[in-house]
Amino acid sequence: MTETNGKPLVRVDDLKKHFPITRGIFLQRQVGAVKAVDGISFEIFQGETLGLVGESGCGKSTTGRTILQLYPPTSGHVFFGDTDLAEAGAEKLRSLRRDLQIIFQDPYASLNPRMTVGAIVGEPLDVHKIGSRRERRERVEELLRLVGLNPYFINRYPHEFSGGQRQRIGIARALALEPEFIVCDEPISALDVSIQAQVVNLLEELQEKLGLTYLFIAHDLSMVRHISDRVAVMYLGKIMELADREELYTNPLHPYTQALLSAVPIPDPGKEKRRKRIILEGDVPSPANPPSGCQFHTRCPLAVEVCENVVPEWREISPGHWVYCHLV
């Protein structure tokens, strides 16, 4: 586990991101909103990895992109150090881009097929006008070595690489400006299982060497346990539970977390046979029309009347262990 210095590098306060639903061809009027992120709060400490897990479509990637202001937030605040990114102007955000980077999910779609590897990795240096042409080339070669690629590949194109190599190119691009904070948006989900561990190990090595802070978004709970210091569990735009990694995996308090963990295979046939699976009934409700009260009550095996009508509080049950539930 990474040692942190106890100071939050990123602080998210009641963050919301709603995408409008419009009707009409010429006079488009808003008739509703998709509540992708619906009032979440957490901190990411300097030097740590916060894992963000949940089902597909629960708002994980939108959270990461809204933190980086790739999507403007509907309301709420995102503090990077002492700067509120939601209130920062275009010039201020442009200067902060050097410290805030993202590794995208799909290494096949996130690299421009018309650009060489050297141009892709060096583009952030060009945009921010860092160094001479020769210095930029040297920096690109250094970055390729750092992520385990041969600098000889600098003039090749993305289609000449495997998925794992392409993701390493994406990581090199994210590191070009020496950032402090990186959003890893499901960086291994599009890769073969045999390659996933290599990429995760590379991210851990880079974190140790460069002092990076990660928000690691994934739906593979076993991989999140391996890389994360703390884990947040998300469902339908809300964070249901947030705790230290070992605390969350050994003592899950929210019914949704318990259901997710019950689906993780155990590499012991005896234990696997004895344990009880929690099967959730029904489908995930639409974020355009989420349930009243607790969003999870329509599928929760423990739901009572208060869950249907009253929104739960985001409460700290024990030091560092936060839960969004009436029954805990």
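Modeller: Strand E6 (100-103), helix H3 (117-127) and helix H5 (163-175) each give at least two residues to the lining of the largest pocket. Keep in mind that this is a predicted model.

Colleague: How is such a space found, and which residues lie nearest the centre of the largest pocket?

Modeller: Rolling a probe the size of a water molecule over the atoms shows where empty space is left. Here the largest pocket holds about 380 Å³ of space. Its lining has 15 residues, and Gln101, Ile102, Phe104, Pro124 and Arg173 lie nearest the centre. Sorted by class, the lining has nine nonpolar, three polar and three charged residues.

Colleague: Which residues have the most contacts inside the largest nonpolar core?

Modeller: That core has 54 residues, and Val121, Ile169, Ile171, Leu175, Leu203 and Phe216 have the most contacts inside it. Take Leu203: setting aside neighbours within four places in sequence, Leu203 touches Ile103, Ile171, Cys184, Pro187, Tyr214, Phe216 and Ile227. A second, separate core has 29 residues, among them Val12, Leu50, Ile67 and Met234.

Colleague: How many disulfides does the structure hold?

Modeller: A disulfide is a covalent bond between the sulfur atoms of two cysteines. The structure holds zero. For Cys294, the nearest cysteine sulfur is that of Cys307, 6.2 Å away.

Methods. Residues numbered from 1 in each chain as written. Predicted model: local features only at pLDDT ≥ 70, side-chain atom pairs only at ≥ 80, totals over all residues. Heavy atoms only, no water. Core = buried A, V, L, I, M, F, W, Y, C linked by side-chain atoms within 4.5 Å. Buried < 20%, exposed > 50% of the residue type's maximum accessible area, 1.4 Å probe, protein only. Contact = heavy atoms within 4.5 Å. Disulfide = S-S within 2.5 Å. 1 Å grid on protein atoms, 1.4 Å probe; cavity = no way out; pocket = protein on both sides within 12 Å on 5 of 7 lines; lining within 4 Å. Points joined across faces, edges and corners; volume = space filled by probe spheres on them. Helix = DSSP H or I, 4+ residues; strand = E, 2+ residues; numbered from the N terminus. Nonpolar A, V, L, I, M, F, W, Y, C, P; charged D, E, K, R; others polar.
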